[in-house]
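Please read this briefing alongside the sequence and the 3D view. The points are grouped by topic.

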Amino acid sequence: MIYKSDPASIAEFLSDTSNLKTGKTPGVYFPETGEEVAELLRSAGKEGKRFTIAGNGTGTTGGRIPEGDWVISMQRLGKIGEPARLSENEAAITVQAGALLEEVQRKVEQAGWLYPPDPTEGLCFIGSTIANNSSGARTFRYGPTRDHILRILVALPGGDLFDIPRGKHLADEEGLFHIELPLSGTLSFLRPQYSMPETSKHNAGYFSKAGMDLIDLFIGSEGTLGIIVEADLKLIPLPRRLFSCLVYFTTLDDLFSFTAKAKSPEGGVNPRVLEFFDGNSLDFLRKDYPDIPENAAGAIFFEQETAPEREESDLERWLEIMESSGALVDTTWIALDREEQRRLTAFRHALPLLVNEWLNRQQESKISTDMAVPDPSFRELFDFYDSSCRKNRFTFIIFGHIGNSHVHLNILPRNREEFLRAKSLYGEFVEKTIALGGTLSAEHGIGKLKSPYLAAMYGESGIMEMVRIKKCFDPELVLNIGNLIPESYLAT
């Protein structure tokens, strides 16, 4: 196992995309096997060490940034197995936690399979996507990462390597789990006793439901209960054909009408992706895409899986929905082949780059949301975002996963005074989202940045439910302290 403590080697582990500047660590370990990860944890309590787990630095919530603890980097656990067919419509592949998402996706697609989870950043580690129950655009049809994990191998804080296949460890009728471990002995605990929000995307706190599978407790736990070192991913057949479209609207009412029809079973379509761009987002993009209509108040991007024999009828049904919703049909960008789809995908991904260019000319960081609400409440939250920002005369954009009632608001402060007002307004957005039955984080997780807000969602009793589970697996508090659970609660 490699260990580095020189300033140059440490520096790259003191940041991610959260813009936190407080990172510090005495050194970084680079294990190459799951057993080496477990070995580090096995001796941590005796040596008085705490560890922060480092993914590939693509996170937005500061989860991998150490606050004085040692770092365990997962980058040398990057092996990717071969797809193994389980049935006509399902396969599996075994990967180590440090495998890059884009490399896994490329390998399985070459074999004719699809790994549905598709977070925007392909350079993230697979283990991180599982620890954070990552989602993305395709979550609208296929659900988050949790729905595609068949097994995980976890290094527990007590030093055990614990294999957890889906379906083996289920909560009993009273919600209790009973686990026998070679080193830690018997662990018996009650699943978290709080309710989950009724949103289609949710990544804030430990998962809980009646009869739940233990594997789902670890998925989305942000590395606070154990370190995922290996996983079996579920694969489905690669779609035979695909087309995608970008549709513009002159009013948001028309856009929301189109979205409702596209999501409804009566609409006759089945998109795997349904994404939103507001007028301000289009203004940013117009710099590189001058063909965007000047009168567009917003746009919807969608992808539709199809087959050669029904592609024409699928396109006709979409055209009917566009026309009945007042879309700007003549300016619709339709991508039928791979090359045009790549160009349209580049359009989708250009927005964050253009925003970052704008921010680089300013002195302040953006304030961004990752909240989602139940479908019936989405328009209310959207209008609250929009009206609040306009009232404050902020520069802002709203974009993202409208299919899951989950969009990202980015406020782009031009000075310190605007930054402080925007940060205060973020607290109002949290209150509004929770009042509407929503979640503080739909896909990016809590990390260190958002942990102060978690009690607003679950109450102190809910946080203490998480503390109870955390201390069952990590009684000496050696793993990812400061992530997810506010550290002050761990002292009680």
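Strand β3 pairs with strand β4 (residues 70-73) in the parallel sense, over 4 bridges. The model shown here is predicted.

- β3 and β4 belong to an open sheet of 4 strands, in the order β1-β2-β4-β3 and with mixed pairing.
- The edges are taken by β1 (2-4) and β3 (51-54), each with a single partner strand, so one side of each has no neighbour in the sheet.
- On average, neighbouring strands of this sheet are turned by 25° against each other, direction ignored.
- Strands of a sheet pair through backbone hydrogen bonds, in either a parallel or an antiparallel way.

- Strand β13 (residues 241-249) pairs with β15 in the antiparallel sense over 9 bridges.
- In that pairing, V247 has I300 of β15 as its bridge partner.
- Strand β14 (residues 271-278) also pairs with β15 in the antiparallel sense, over 7 bridges.
- Here the bridge partner of V273 is E303 in β15.

**Helices α8 and α10**

- Helix α8 (residues 252-263) packs against helix α10 (residues 311-324) at an angle of about 150°, and their axes are 9 Å apart.
- The crossing of α8 past α10 is right-handed.
- F258, K261 and A262 of α8 make the contact with W318, I321, M322 and S324 of α10.
- The residues of this contact divide into 5 nonpolar, 1 polar and 1 charged.

**Residue F396**

- F396 lies in strand β18, which spans residues 396-401.
- Is F396 buried or exposed? F396 has a relative accessible area of 3%, and because buried means under 20%, F396 counts as buried.
- Apart from neighbours within four places in sequence, F396 is in contact with D278, N280, D386, C389, R390, L409, N410 and I411.
- One of these, D386, is 10 residues from F396 in sequence, and the two are 8.7 Å apart in space, C-alpha to C-alpha.

Terms used. Residues are numbered from 1 along each chain as its sequence is written. This is a predicted model: local features need pLDDT of at least 70, side-chain atom pairs count only at pLDDT 80 or more; totals for chains, interfaces and linings use all residues. Side-chain values use heavy atoms; hydrogens and water are left out. Helices (H or I, at least four residues) and strands (E, at least two) are DSSP runs, numbered from the N terminus. Buried means under 20% relative accessible area, exposed over 50%, partly exposed in between (1.4 Å probe, protein chains only). Contact means heavy atoms within 4.5 Å. Two strands pair if DSSP finds at least two bridges between them. Axes are lines fitted to C-alpha atoms, for helices over the stretch in contact, and angles run from 0 to 180 degrees between N-to-C directions. A crossing is left-handed if the near helix is turned anticlockwise from the far one by less than a right angle, and right-handed if clockwise. Ala, Val, Leu, Ile, Met, Phe, Trp, Tyr, Cys and Pro count as nonpolar, Asp, Glu, Lys and Arg as charged, and the others, Gly among them, as polar.
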